Number of protein chains: 2
Amino acid sequence: MTGRVDLVGGGPGPIDLMTVRAWRLLAQADVVVMDRLGPTDVRPHLQPGAEVIDVGKLPGHHPVPQDEINAILVDRARAGKRVVRLKGGDPFVFGRGGEEVVACVAAGIPVAVVPGITSAVAVPAAAGIPVTHRGVASAVHIVNGQSEITPATLAALAEESVTTVILMGVGALPRLVADALRAGVPPERPVAIVERGHHADQRTTRSTLAAIVIDAGRIGVRNPAVIVVGDVARAGMLVPDLLSARSGIDSRTP
Amino acid sequence: MTGRVDLVGGGPGPIDLMTVRAWRLLAQADVVVMDRLGPTDVRPHLQPGAEVIDVGKLPGHHPVPQDEINAILVDRARAGKRVVRLKGGDPFVFGRGGEEVVACVAAGIPVAVVPGITSAVAVPAAAGIPVTHRGVASAVHIVNGQSEITPATLAALAEESVTTVILMGVGALPRLVADALRAGVPPERPVAIVERGHHADQRTTRSTLAAIVIDAGRIGVRNPAVIVVGDVARAGMLVPDLLSARSGIDSRTP
């Protein structure tokens with residue numbers, strides 16, 4: 001009997017930011033194929049004997065190549081297993097979920113996708129930053145820092161009413177800033193970097209396009225981080241005293 | 001004693017696509033302030049005697065103005081209630097959550113935000129459309145159809161590697177298409193419209209920029225709907241036979 005594969009979005013990290021559907025599938029899974037990002041402490045909630053395969057970390061820290069991940073999913077499902085492919089964030093927001101769907105479909109494996117909470121929205125929120133806000137930001141442009149910077153991204157960065165969200169972009173930040181300034185984006189454009197969003201050691205750095213590279217370097221900003229460019233990123237813009245004092249707004253429930 | 005307000009993202013509709021945190025807060029709520037979109041059948045899961053206020057629908061179908069919603073949240077919390085403001089999708093993606101946060105903070109009410117699954121990502125996924133896909137789409141531009149079409153949105157529409165997602169855009173579609181064509185966006189650019197995503201009567205219409213207005217008019221496409229413009233919207237692009245036949249991929253779990 002053929003098994004099945006469910007690509008499950010695990011959200012930004014805290015296990016209670018997974019969906020009820022994700023929990024149910026995890027509780028029934030024979031095999032869980034996990035990532036480096038996303039919820040990492042689901043093991044106590046799996047059924048006894050469930051196999052856990054961590055493809056984000058290997059001895060020597062080499063991640064498993066995508067085609068090997070695809071092969072693992074297909075092989076386990078062919079062996080009749082219920083496989084959950086647990087991904088950080090949402091499977092289709094830079095999660096390479098599409099490739100895993102294609103591999104399963106090509107192999108005749110039943111596959112479904114369960115959306116998850118994307119860090120592109122939830123990590124700024126954890127720092128009190130709404131990616132849209134009436135009268136301030138009416139569009140959101142989401143890019144991966146490891147991609148080329150294209151004219152559409154430069155247009156988003158330049159437009160006052162757009163929030164640009166850059167995932168995994170700390171390494172590319174100097175190049176991104178240089179390109180943006182050269183393209184005429186105002187140097188005073190607000191920038192915030194939220195590291196380890198939704199985790200206990202979350203840290204937010206607020207600056208401007210002109211100053212963010214120096215500020216981030218001085219502070220030692222590192223991935224995983226979400227970079228937000230736009231007026232919503234301004235310290236205290238929404239809530240003058242409270243936001244900047246890190247009180248009064250809190251994305252963690254008590 | 002002052003109560004509190006939690007702005008909770010309810011996701012695209014199915015109650016099992018709410019987060020565990022959302023469920024826990026709903027189960028403890030004294031007051032639930034609900035929207036027209038998002039999960040609507042949470043009542044059986046609330047504690048006995050919980051007050052439910054539906055601000056999306058009134059006799060006569062006039063939605064409650066935002067400042068009245070803000071006042072309801074503040075007043076109930078001042079009366080010591082635990083208030084859940086349940087919103088469709090994510091509170092900060094065109095959800096006006098930022099305004100509600102500001103109102104609570106200004107009134108000295110403790111407020112927290114619980115992110116939800118945004119329809120901008122989850123509704124295309126329900127139709128088998130990944131908003132990003134390696135080699136096809138490396139950025140996502142999300143806009144509200146009721147906003148002005150800006151140069152950044154036109155740049156996103158024109159760029160092959162960008163997926164543009166338009167929420168609540170059926171009414172604005174003719175204007176959007178005319179503006180895009182005038183700006184030089186290729187008429188053969190793929191467009192998909194997903195109505196009532198994640199509901200039993202979900203329907204996907206696939207077309208091109210040149211033909212979508214006629215196709216949508218003929219079929220009677222209506223909001224709530226998510227419009228996707230970009231190569232990922234092409235029927236059968238990812239999975240030649242199966243996607244277009246609506247089989248092999250399914251965002252609903254069995």
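Trainee: Why is the meeting of the Arg24(A) and Asp16(B) side chains called a salt bridge?

Mentor: Their N to O distance is 3.4 Å. The rule asks for a side-chain nitrogen of Lys or Arg within 4 Å of a carboxyl oxygen of Asp or Glu, so the pair qualifies. Across the interface of chain B and chain A, the rule finds four salt bridges.

Trainee: What are the ground rules here?

Mentor: This is a predicted model, where local features need pLDDT of at least 70, side-chain atom pairs count only at pLDDT 80 or more, and totals for chains, interfaces and linings use all residues. Residues are numbered from 1 along each chain as its sequence is written, chains are lettered from A and ligands numbered from 1 in the order written, and side-chain values use heavy atoms, without hydrogens and water.

Trainee: What makes S6(A) and S6(B) a strand pair?

Mentor: Strands are DSSP runs (E, at least two residues), numbered from the N terminus. Pairing takes at least two bridges found by DSSP. S6 of chain A, residues 139-144, and S6(B) share five, in the antiparallel sense, so they pair. Ile142(A) stands opposite Val140(B).

Trainee: How do you know which axis relates the copies?

Mentor: Superpose by least squares on C-alpha atoms with pLDDT of at least 70 in both copies. A rotation of 180 degrees with 0.0 Å of shift along its axis puts chain B on chain A, RMSD 0.0 Å. That is the relation of a two-fold axis. The same surface serves both copies: 100% of the contact residues (heavy atoms within 4.5 Å) of chain B recur in chain A.

Key
Helix = DSSP H or I, 4+ residues; strand = E, 2+ residues; numbered from the N terminus.
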